[in-house]
Amino acid sequence: MDIQGYEVKEDLYYDENHFWYRPEGDEVVMGMDDFAQRLAGDVVYVQLPPDGKKIKKGKKVAKVESGKWLGKVISPVDCEIAEVNEDLETDPGLINKDPYGEGWMYRLKVDDMGAIKALMTGADALTSFIEAEMEKYKDQL
């Protein structure tokens, strides 16, 4: 789905920090959305936490750095790192090139899958969210 030039996948779940979540069995794949990767610019570094690391809701999972931005990845749920996208170690720009595909960041074991399904999803919610974010960051876009 295109929202004023930003690609958004209707079948994914999103948090307010512009990370997407895709349930796959008992795990969840996550990554940065198109809006955030474009706002950040060229991603030059992604911290890859160790597999098995436990993360509490609201705590830092890792960090992402671009030429003009340094941001924290905050978990919206209690989880454990199941796998990291090791390709980002040598090519963090995959996030810019393919944020919803090859640029995925982490695979998580989520304590409560219902918490993921409570995140934003669907055309109406995502359109309102992206339009509000465009207004909020209009001087940086």
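**Aromatic pairs in a predicted model**

User: In this predicted model, why is Trp20 called buried?

Analyst: Trp20 has a relative accessibility of 0%. Buried means under 20%, so Trp20 counts as buried.

User: How many aromatic pairs are there?

Analyst: The count comes to 3 aromatic pairs.

User: What makes Trp20 and Tyr100 an aromatic pair, and why is the pair called tilted?

Analyst: The ring centres of Trp20 and Tyr100 are 6.0 Å apart, and rings pair if their centres lie within 6.5 Å. The angle between the planes is 40°; stacked requires under 30 degrees and edge-to-face over 60, so this pair is tilted.

User: Which parts of the chain does this pair link?

Analyst: Trp20 belongs to strand E4 (residues 19-24), and Tyr100 to the loop between helix H3 (94-97) and strand E11 (106-110); the two are 80 residues apart.

User: Why is the pair of Phe35 and Tyr137 called tilted?

Analyst: The planes of Phe35 and Tyr137 are 55° apart, with 6.2 Å centre to centre.

User: How do you know whether Phe35 and Tyr137 are buried or partly exposed?

Analyst: Phe35, at 2% relative accessibility, counts as buried. Tyr137 has a relative accessible area of 21%; buried requires under 20% and exposed over 50%, so Tyr137 is partly exposed.

Notes
Residues are numbered from 1 along each chain as its sequence is written. This is a predicted model: local features need pLDDT of at least 70, side-chain atom pairs count only at pLDDT 80 or more; totals for chains, interfaces and linings use all residues. Side-chain values use heavy atoms; hydrogens and water are left out. Helices (H or I, at least four residues) and strands (E, at least two) are DSSP runs, numbered from the N terminus. Buried means under 20% relative accessible area, exposed over 50%, partly exposed in between (1.4 Å probe, protein chains only).
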